[in-house]
Every structure is written in structure tokens, then in C-alpha cells.
Amino acid sequence: MVESMGRHVLSVRDLAVEFGGDRGTLRALDGVSLDLHAGRVLGVVGESGCGKSVTARAILGILDRAGKVTGGQVLLDPGTSSQQDLVALDPNSQTMRGVRGGRIGLIFQEPMTALSVHYTVGNQIVEAIRAHRELSKADARNRAIELLGEVGIPRPESRVDAYPFQLSGGLRQRVGIAMALAADPQILIADEPTTALDVTTQAQVLALLRRLQRDKGIALMLITHDMGVIAQMADDVAVMYLGRIAEFSPVRDLFARPRHPYTRALLRSVPSIRAEPRDRLATIGGTVPHPGARPSGCAFHPRCPEVIAGRCDQSAPRPVPPLEAGAACFLNEGAA
Amino acid sequence: MLIYLARRLVLAAITCIAISILTFIIIRLPPGDFVDAYIANLASNGSVVSADQAQAMRREYGLDQPVIIQYGMWMSRVVVGDFGVSMMWRRPVTEVIGDRLWLTMAVSFSALFLTWTIALPIGIYSAVRQYSLGDYAATLLGFIGLAIPNFLLALILMYLGFRYLGLSVGGLFSPEFSQAPWSMAKAWDLAKHVPLPACVLALAGTAHQIRIMRANLLDELRRPYVVTARAKGISELHTVLKYPVRAALNPFASSIAYLFPYLVSGSIIVSLVLGLPTVGPLLLQALVAQDMFLAGTIVLLLGIMTVIGTLVSDLLLMWIEPRIRLQGRA
Ligand SMILES: Nc1ncnc2c1ncn2[C@@H]1O[C@H](COP(=O)(O)OP(=O)(O)OP(=O)(O)O)[C@@H](O)[C@H]1O
Ligand SMILES: [Mg+2]
């Protein structure tokens, strides 16, 4: 990459996840590699069902019981003496629990359902603090109030005793962010943090996330299916398709010179500022195949406008090499 | 919150009055009255009651008046604590019921307590380890529990207890205590007799509640707030107990209200088999004999219990669900 990078904090290599079900196993992730760097934002885009949330959960070791990591590594602090493969840890072990929330925070999509309506926001934040810090209840509560103030919640000292249903969607999402920051993690994973919010609130929450991320030098993995959010927030972008990385590149390249036909299709489906208001959104032809019925060869070939007959349906293109910009596509391989 | 409680209290009072009216009407529904039933009973033994005697009895109990008047007369005495005289036993109703009400409550609450202490943990285990061997075992046992008639289980347990443990089975007291005044020894004797009927009564309920807990919790475990809690790095046990289990308890709190009458009516057959001095069999006898005052009092008391149960469950719900507490609605 051209730009200088922050410390390499997380490295996902060839991660594979399968879900066991009544109708056989389903491969949700099929060799995903990603890298997070301190102070940088990695945007992860892709259509619904491509495995974005599964990636986030697999990293944290909180997949549903039906889900299993069947291969690959999740390396925390790669290349240092304290490097740790999270996949090799027992998900319920003390170490893994220390990583969850302590090293890697998670921010959720649904600010209503992601907080329990049975406890005050203070209670839920204090719990997150005390899971990782030896603080008295009173100190933890003060820290919670501080956090609420930091994420821009007015009158935090009274809001700390509010229940989530007493707050607006935007405030709830800020609570979610405060909770993820409770133990000062250096890595944040935000799974569609603004999808459920209205446009104005969405912009405010994104601005907040950006500010916190810059101030604290956090490595942020931002999951979204909104190319607009990517353009505004990301430094690097990973485009996912059916459990694989289709393309990885710095954000400017992605918009200027998309390498993968799928990326081009995604970009065409974004309304452009210059587009006539009446223009219909371009949509990608066909529907996402179910991961249980992955097409042979390149999984995108049945929908690909640039498909090479006899090649794309026969063999799969090489995955994008980690830490390099590129696309998993034969068109790209030919050029290289 | 206070307004919410006050509203529930007023509703409770109205419910009690409605229950008492209904009770009276239902008891008078079958053709004939207590005297008819009494005469028929005597006739089957070969005795005869003259028309004059019958008339005198009717006047004595006020049976010659219209139902409304009878109800009014009875109610006016009930509010000052006089429940009338049982026609069947020819003694004051309060005396006939006597300790039976408290004994019924002792047995019912023991059964309830047993049901929950067994059902909730097993239900939680079944949900958290869905489709595990333990879950299948709990499901199987649950269905067996649902399928076995209570009285059969009572008989089996009585036999086993008597044959192998030498227990004095049946009843709630050993013979030497049954008529004795209350004492520590008698209370201890009662404590020794309660478990068997409590187990029998708890059986079907337990099986049922395991299924409810399992289904509720499975539902809750899928919710995003559980993932949030896990992502904080707190232990799995703590996560499950603090968040989804609390949410899954809601239906149990609501069910407290009608559990008590359910246990009492469900206990009639078991009480007969085990010879328990509870109100269940007494109510049955009173209804057969059309002993209005006795039956009316028992049903009224059960109704009041239900109303109290409703209040208790409301308070519990307010504790479990902050939304109800703060907004007065679910
Ligand atoms: N608990 C589960 N059991 C079985 N399959 C699952 C489970 N969770 C996810 N999957 C499968 O994994 C695939 C990826 O799901 P995932 O939730 O990661 O998609 P996503 O990219 O986050 O989509 P969205 O944009 O809708 O959030 C889906 O096809 C889904 O069928
Ligand atoms: Mg998702």
C-alpha cells in the first residue's frame, strides 16, 4: 500500500466457517483474509448474506452454536512476540473473554434490540467496564457517565439511569458505542452501525465514530452495504461475495478503478449525486445464490456481465493475496 | 406506577364481587336444592322426611327466598366474616373448612416451589444445550410426566413408600397428630407428609413448565442483546442468566395468578387417593350435596386467592419488566 500504515493489530487468514443444519452443512465463509491497522478504517461491503456479520462474530468467537470455524487463523498482534491465534483459543476461556470487549469491541446494527430493555444503560455499561477493569461500582459508574459524555449524550449523569426504551434511536446507538469503548479496545468492529437510523442521525453517528477512531488511533472494521458510507469513512475496502473476498483496495482506487466486475456492479447500483432524480437505480442482475448452492468456478460467474465462458465456470480465480490490492478475478490475473 | 397499582386493585375488588355472584348462581343452577338432595340421600337409606320437616329446613336456611335475596343475605353476613352454616355438616362453614385452607395452601405452594426449582433449571439447560443428549432426556421425561395420570403416580408412590420405606402414607398427619392441637411436633409431622403429595402434584406441571421455559429461552437466546452481552467478555453463564433468562421469566410471573386454583382443582383426585385434608374433596362433596354456603365460601376463597395471586404476579412483572413499572404498560 502506498500510504504509511499504523501498527498491524489483527490479521485474519483463510478463515472458513460452516453452519451445521438439518440440510447438511453450509459454508458461510470460504477463506477470508483481512488485515486491520491502528488508526485505519477497513470498510467491508457486500450484499446481504455474503458473510459480513459471520466474519465479525467468528473473529470474536461468538458464533451461534451451529457455527464452527473450520479453518484459518485470527491473529491478534501479528508478527509481535505477543501474537495470538484467537481461533485456537477456547471461546469460553478467560483469555478469549479478555479479548472480547477488552481488545476488540463490537458495535451493533439494531440499537433497540442490541441493548437489553431489562437493565439501565448504566448497568449495562458498568458491566462491560468491570469485566475488564478492577474498578469499584462507584468508580465504574463515574467512568460510564464519562463515556456517555464522550459519545455526545447530553446530561449523561441522568441518562446513565435511563432504560434503553427511554432513549431515541440515535442516543441508543451512542450508548452502544460507549459500551464498545468501555474497556478501551484498540480494535472496533461496527456491524452496520447506522443502517437502522435516519439519514441525519446516521451522519452524526458516523462523524462520531470517525472522530473517536482518529482520536484514539483505533483500528475500525466497518461493515456496511452502503457504498456512500464506505466513501465517507473507509481507508481500505474489502468487497465480499459469498463468503470470499472479491476485491481489496484502498478506497480511492476502489471508486476510481474498480478491479472486480462485482465491485463495478455494486458501484453502479449506488445513486450518484449527478444522476437524474428520475433515473432508476441500477441493480445487479440475478440474485445472490444461497451459500448452500455455490456456483462452480467463480461464484459470481452466473451474474457476471464479463464472464469468460469455459473459464469462470470451470475453475475458481486465485484469492486476493493478503495486504495487497487486487481482485479475485481472471480478468485481473490476465492483466498481472 | 401507583396509578397502575390502584387501577389493578379496583379491578381486583370488582372481580371478587363478580366471582361471588357467579358462584352463587352456578350453585343454584342444577334443579332442586340442598333439601331435595338431603331427602333423596335419606330415602336411599330407607328414612322418610315429611313435607313439613322439609319446609322447615328450607325456611331455616332461607332456601324459600329468591336467589337474589339469598345472595344478599349471605353476602351481608360474609362481609362481617360470617360465612354461614354448612347444611351438610350442620356446623359453621369456617369450622368445617378449618385448617383445610392452610393445609391446601401448604401443599399447593410446596408443589409450586418444587415445580419451579425443578423445571426452571432443566428448561434453561435444555435450551442452552438444545439437541444435546441431556435435552432429549429432559424432553422424554417431560412427556412421560405429562402422560402419567396424577392419581396413578400417587398410588405408585404410596405403594413404594409404604413397601420399601415404611412411611405412613396417606393424609397429611400421622394418626396421633390428626386431631391434636397445633404444636412444633405436629408441624414437623406435617412437613414430613407434604413432600409426597407435593411431588405428585408437581409432576405434570413440571413437565409443562420445562417446555415453556425451553421455548421461551430459545426465543430469547436468538436476540441481538445476547450477542452484545457476549461481546463484552462476560462469562457465558452470567450472560445467559442475567439477560435472556430474565426475559424468559416473564410468562412464569404472569402464570402465578391462575396457578393456585389450577393446583386446587387439579388436586381433587390426588387428594381423594391420598386422603389429604384439603379443600378440593370438600368442595366436591359440597357441590354434590348442593351445600350452597360451604361451596360458595370455598369458591369465593379460591377467587380471592386468585385475585391476590394476580396482584402478586403484577408486582413481580413490574419488578421484571421496567417498561411496565415506568410506563404502566407492557
Ligand atoms: N445462525 C446461523 N445458522 C445458519 N446459517 C447462518 C447463521 N448465521 C448466518 N448464517 C449464514 O451465513 C451466511 C452469511 O450470513 P451473515 O449474517 O454473515 O450475512 P451478512 O453479510 O451479515 O448479511 P446482512 O447484510 O444481511 O447482515 C448467510 O447466508 C446465512 O445463511
Ligand atoms: Mg449482517
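Analyst: Between domain 1 of chain A and domain 2 of chain A there are 5 residue pairs in polar contact, with both residues at pLDDT 80 or more. A polar contact is a pair of N or O atoms within 3.5 Å; within protein, one must be able to donate a hydrogen and the other to accept it, and residues adjacent in sequence count only if both atoms are side-chain atoms. On the side of domain 1 of chain A that touches domain 2 of chain A, the elements giving two or more residues are α2 (94-99) and α7 (199-216) of chain A. Of these, α7(A) provides the largest share, 8 residues. Helices (H or I, at least four residues) and strands (E, at least two) are DSSP runs, numbered from the N terminus. Sorted by class, this side of domain 1 of chain A has 9 nonpolar, 6 polar and 4 charged residues. Here Ala, Val, Leu, Ile, Met, Phe, Trp, Tyr, Cys and Pro are nonpolar, Asp, Glu, Lys and Arg are charged, and the others, Gly among them, are polar.

A word on the ground rules. This is a predicted model, in which local features need pLDDT of at least 70 and side-chain atom pairs count only at pLDDT 80 or more, while totals for chains, interfaces and linings use all residues. Residues are numbered from 1 along each chain as its sequence is written, chains are lettered from A and ligands numbered from 1 in the order in which they are written, and side-chain values use heavy atoms, with hydrogens and water left out.

Back to the interface. The domain assignment, which is automatic or from a database, gives domain 1 (8-103 + 185-332) and domain 2 (112-184) in chain A. Their C-alpha centres lie 28 Å apart. Contact, meaning heavy atoms within 4.5 Å, joins 19 residues of domain 1 of chain A to 12 residues of domain 2 of chain A. Together these two domains bury about 1200 Å², 65% of it on carbon and sulfur atoms. Buried area is the accessible area (1.4 Å probe) that two parts lose on being put together, summed over both. In domain 1 of chain A, the residues that lose the most area to domain 2 are A:Pro185, A:Leu208 and A:Lys216, together 35% of what that side buries.

A:Lys216 comes up again, as its side chain meets that of A:Asp184 in a salt bridge (4.0 Å, N to O). A salt bridge is a side-chain nitrogen of Lys or Arg within 4 Å of a carboxyl oxygen of Asp or Glu. Side chains of opposite charge can pair when their charged atoms come close.

One of the pairs elsewhere is A:Asp35 with A:Arg13 (2.9 Å, N to O). A:Asp35 lies in strand β2 (residues 24-37) and A:Arg13 in strand β1 (residues 8-21) of chain A, so the pair ties together parts that are 22 residues apart in sequence.

How far can you trust the picture? pLDDT is the predictor's confidence in each residue, from 0 to 100. Chain A has a mean pLDDT of 90, and 93% of its residues reach 70 or more. Residues 277-281 of chain A call for care, with pLDDT below 50 and 3 contacts in the model beyond near neighbours in sequence.
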